[in-house]
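Me: I'm new to this one, could you walk me through it once it's on screen?
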Amino acid sequence: MNFQRRFNRFFPFLRWGRNLTKDTVKSDLIAGLTGAAIVLPQGVAFAAIAGMPPEYGLYTSMIPAIIAALFGSSWHLVSGPTTAASIVMFSSLSLIAAPGSQEYISLAITLAFMVGILQLAMGFIRLGALVNFISHSVIVGFTAGAACLIAAKQAKTFLGIEIPDTDHFYQTVVYLWDNWTSFHPLVMLVALTTLVVGIVAQKISPKFPGMILALLVGSIIAVIFNATLDIETTGIQMVGALPQQLPPLSSPQFSLDVLRDLAPLALAMTLFALTEAVSIARSISIKSGQPIEGNQEFIGQGLSNILGSFFSAYVATGSFNRSGANYDAGARTPLAAASAGVLLIGLVLLVAPLTSYLPMAAVAGLLFLVAWRLINFSQIKKILRADKNEALVLCVTFFSTLFLKLEFAILLGVMLSLMFFLRKTSKPKLEPRAPDPKNRKRKFMPGSSFLECPQMKILQLDDSLYFGSVSHVGELFRRYREHYPDQKNLFLLTQGVNQIDVAGAELLVNEANARKAIGGDMYIYQLKD
């Protein structure tokens, strides 16, 4: 029985596979077809963000999506290329190799393999709780910063302006500010039309694949302009036809030098990708009522990236909009996400030649729409109003995303969140208490409001007593001894203490000895086992 449980845990599709019926399969296939249609334009757009050829965005939406659906714990999560993962990868790999080059593609595939190994290892050693240390403020700040970077990177294609390649956000903004009047009107018209159609379609019907309609309208306008005028006059460049083939086999580089160079980026992307995937899975589980197991999700994401790296995929993770669309389309089991990956293969073989009519300006307009949706204005406003520490974390992460390497921005935000958390836990409350004379059971209340015993100080300690807090608590003990010399005895209420380490235990021993040295003693009340 125990073996069967473990076997089903490692192969979760064996559990939900028994629940498949004619109705659930029908619902899942319809949801899968919707998902395949949605990811078709998105895959091309995300590949552009990642600095990869367009077809690689689609390859990343195929095998990784199938594997993550089969081995993950969520029944609605859809994995594949995402905006955040694409821009993090581009910001670092573009410093090592030219985007779109064979070396760049090879490094991206190697990075996917490394991220997958780290994710799988973290799942096996049950480190699912680690993603909880990446706070919501870090995610909101990072995605807002990533949206600004996407808009800045795509501005030259959106406006039809030639901008020198630069890795610095502010240089791009300054150049655009100085040269914005040199935009190409027809290129901008195609991009702007795509953007407006996407916005309007989303407003009218959120479930309708508005991105496909937007690209279709933008492409028709571009084809008309290019047919009426020559391409040199219009300035409208096309993406070009995609390869009409299945994802080609590939292999990561196992050179020690390459692995060492990619290690910091792989660690940062692992943490961020897992946080993104688990957060999305949990948010959808609130609606569906289906429980999520973080460690199993780690395993599913890890296997999807490992196997994906052998089928020309770069780093894949959970997609918020595709997962939400999958649930809204009526998906009942992970068969929907898996079938979306399979159906996408067929769609690519059918429509690959048609992308020769897809203008790059339309893709830029679509990416502007993606960037705008990434900025969660309501959450930003809520965080800025709610807590100054969280607001600082959000702002630091946001500006670090714009002006530092993206993997450092994530780690800096995490470190700052942990610093605030540690500062809070390092100063537990130690406050006077006294029995309430009006209460029949003489319940302990804040000591400043009632008469205290002249010979005994009653203090309540809340929070853990560990090596990080002993200095603060020890100083408070000393002050109470000096300021209240007549209260030689200490009565310590410890029902709020959840943990005591060796350093905390030594502090209590030292305080007891100090009380005895002045002729008193220390008593501990309701200490947990």
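Me: Leaving aside neighbours within four places in sequence, which residues is Met-52 in contact with?
Reply: This is a predicted model, where local features need pLDDT of at least 70, side-chain atom pairs count only at pLDDT 80 or more, and totals for chains, interfaces and linings use all residues. Residues are numbered from 1 along each chain as its sequence is written, and side-chain values use heavy atoms, with hydrogens and water left out. With those neighbours set aside, Met-52 is in contact (heavy atoms within 4.5 Å) with Ala-47, Met-89, Tyr-104, Ile-105, Ala-108 and Tyr-314.

Me: ok, and which residues have the most contacts inside the largest nonpolar core?
Reply: They are Met-52, Met-89, Leu-93, Leu-111 and Met-269, in a core of 87 residues. A nonpolar core is a set of buried Ala, Val, Leu, Ile, Met, Phe, Trp, Tyr and Cys residues joined through side-chain atoms within 4.5 Å, and buried means under 20% relative accessible area with a 1.4 Å probe, protein chains only. Helix 8 (residues 136-159) gives this core its largest share, 11 residues; helices are DSSP runs of H or I, at least four residues, numbered from the N terminus.

Me: Switching topic, where is Leu-508?
Reply: Leu-508 sits in helix 22 (residues 502-517).

Me: And why does Leu-508 count as buried?
Reply: Leu-508 counts as buried because its relative accessibility is 10%. Not counting residues up to four places away in sequence, Leu-508 touches Leu-465, Leu-492, Ile-500, Met-522 and Ile-524.

Notes
Helix = DSSP H or I, 4+ residues; strand = E, 2+ residues; numbered from the N terminus. Buried < 20%, exposed > 50% of the residue type's maximum accessible area, 1.4 Å probe, protein only.
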